Amino acid sequence: SDETYTCPYCPEKKIYRYLDLVQHASGVGNSSSARRTPIMKANHLALAKYLEKGLVPLVSSLKPAAQEDPLSGCDHDEKIVWPWTGIVVNIPTRKSEDGRTVGESGSKFRDELIMRGFNPIRVRPLWNNCDHSGIAVVEFRKDWSGLHNALSFENAYEADHRGKKDWGSNNDVKYGLYAWIARADDHKSSSIIGEHLRKTSDIKTISKLMEEEARKQDRLVSYLRNILETKNKHLKEMEAMCSVTSESLKVLMEEKDNLLQAYNKEVLPGTTVVSKVQLILPLFTEINKTQQSARLHYQKVFSDHEKVKSQLESHRKDLELREVELEKREALIERERKKLAEELEENVVQNSALRLAALEQKRADENLMQLAEDQKRQKEELHNRIIQLEKQLDQKQALELEIEQLRGSMNVIRELGDEDDDIVLTIIEASFKELREKERELEDLEALNQTLIVSERKSNNELQEARKELINGLKEISSCANIGVKRMGELDNKPFLEAMKRRYNEELAEERAVELCSLWEEYLKDPNWHPFKRIKLEGEEYQEVIDNEDEKLKDLKDEMGNEVYKSVTSVINEINEYNPSGRYAISELWNYGEGRRASLQEGVEFLLNLWNATKGKRGMT
């Protein structure tokens, strides 16, 4: 027909309008895809040339071009990014000499789209830091013609199977450009496309835009109607003034004619011309004055009219500027409202997460309190077991002593066996019987002792685990109380900084202190460096103390002073006492008030007091 066409070189006989067929032929002919054969590209280029040069006169002669409705075939309730924006992906990129990823400029691609009839305003490539992402956004005009161009742009790529569905259809390697119109899902995506669209555009429907445009037109019509009414009112006033002036002028002219007639009648026939002129001259002078005053009145009226007209024009321009400013403010308020709604949603999610976290923290605190109470009870049980074990150990030692005494008695009885064998045998049997009973009691005590030892080790392990949990819990509590967590074997930077401030300025001193502190931390981790010496105490006992003659420590004391030396030697003693094998800093429960290692009971009591204080504050609130 005169309105629809098909492409003769494509196997799929899809129906096109004239302009769509031109865009299809031009797009396939200029395509860089490897799947398009040279013959197919050449055929489509020839078809495009034929359509542009040969078929246009024929089409125009057959049927006059009709104004196409840009909103025909559109879903008015579909959410589209506004201003109308297209998305182009899979743009070829390459590595530059400086290692960055670059691609073709947006202006070149914009010119290509203009040649194809899509008429974009600009093309913006999207950059990820300093690298080309292979993605660009195409910006169209904000009016309905821009929407028509954007839809034509999308339809052309969909006709070549390079639309959004084709891009996301599978995970195969794709060649060539893919493009579509940005919609709500693109605007809300977390990719670089979504970030750019949220900064530069908004989501609207066609029906909403039509309503906004109708409101703007209504405001403009109302404004122009008010101006027209004002001008008509002013025109009526001017007409009334002109009619009054005309009436007054008509009365003056009639009076002038009457005066002339009266003078002509009174003048004698023999009166000379000079005398007539002298008689009429005052009358003409009066008429000139009247005409001059009327002229001045007209000039004043016209000047006032021009002044009012200029004021109205300036007022109209001010109103137009205010209207533009109000539209900008309205768009900004709408954007801020959406941002505020998103922030409110995020706050609701965060509040729910915080409530869940508070509940989890409450459960963790309750579990920690229960663990502390269980450990306190287990410690008391362990203490009672230890007392019982000590008693049983005393019984065992007494039983062993009694067994030894029985064995000694048996030996004595054997030596006296020559005098009275029957008596000796009876005594020996009784002694053996008693000895076996004592040995069984001893075995029972040893089994019980072994059971208690295993139980003690298990309880001790549980106490160590409880101590670790208590240390981990107190790490998260910032408190200035006497009981807390101290890092044993961790080097303090303050003495180094104070020593360096005496030599350098503040900035350089801080840098030097960090370097020197890091160097000594490496020295402390070295397992081959053991700056200790053994001294003999009373008896056969020996004790390890800091070797003051160690070269590194001597150099440190000479160069940095006593404060740094004391800090380093204190850390060395802590490592040697608490972690000699690992030689790294560990956390320890510490009694800051007395400067010693705190017991588990002290930590549990401190935690219970802290729990009761926190619970009391919550009850008061």
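Mentor: Gladly! Helices (H or I, at least four residues) and strands (E, at least two) are DSSP runs, numbered from the N terminus. Ser 201 sits in the loop between α8 (192–200) and β8 (202–205). Bear in mind that this is a predicted model, where local features need pLDDT of at least 70 and side-chain atom pairs count only at pLDDT 80 or more, while totals for chains, interfaces and linings use all residues. Residues are numbered from 1 along each chain as its sequence is written, and side-chain values use heavy atoms, leaving out hydrogens and water.

Trainee: Why is Ser 201 called buried?

Mentor: Buried means under 20% relative accessible area, exposed over 50%, partly exposed in between (1.4 Å probe, protein chains only). Ser 201 has 5%, so it is buried.

Trainee: What does Ser 201 touch, not counting residues up to four places away in sequence?

Mentor: Val 81, Trp 82, Pro 83 and His 187; contact means heavy atoms within 4.5 Å.

Trainee: How do you know that β2 and β6 pair?

Mentor: Two strands pair if DSSP finds at least two bridges between them. Strand β2 (residues 85–89) and strand β6 (residues 131–139) have 4 bridges, in the antiparallel sense, so they count as paired. Val 88, for instance, has Ala 136 in β6 as its bridge partner.

Trainee: What makes β5 and β7 edge strands?

Mentor: The open sheet has 4 strands in the order β5-β6-β2-β7, with antiparallel pairing. β5 (122–128) and β7 (178–181) each have a single partner strand, so one side of each lacks a neighbour in the sheet.
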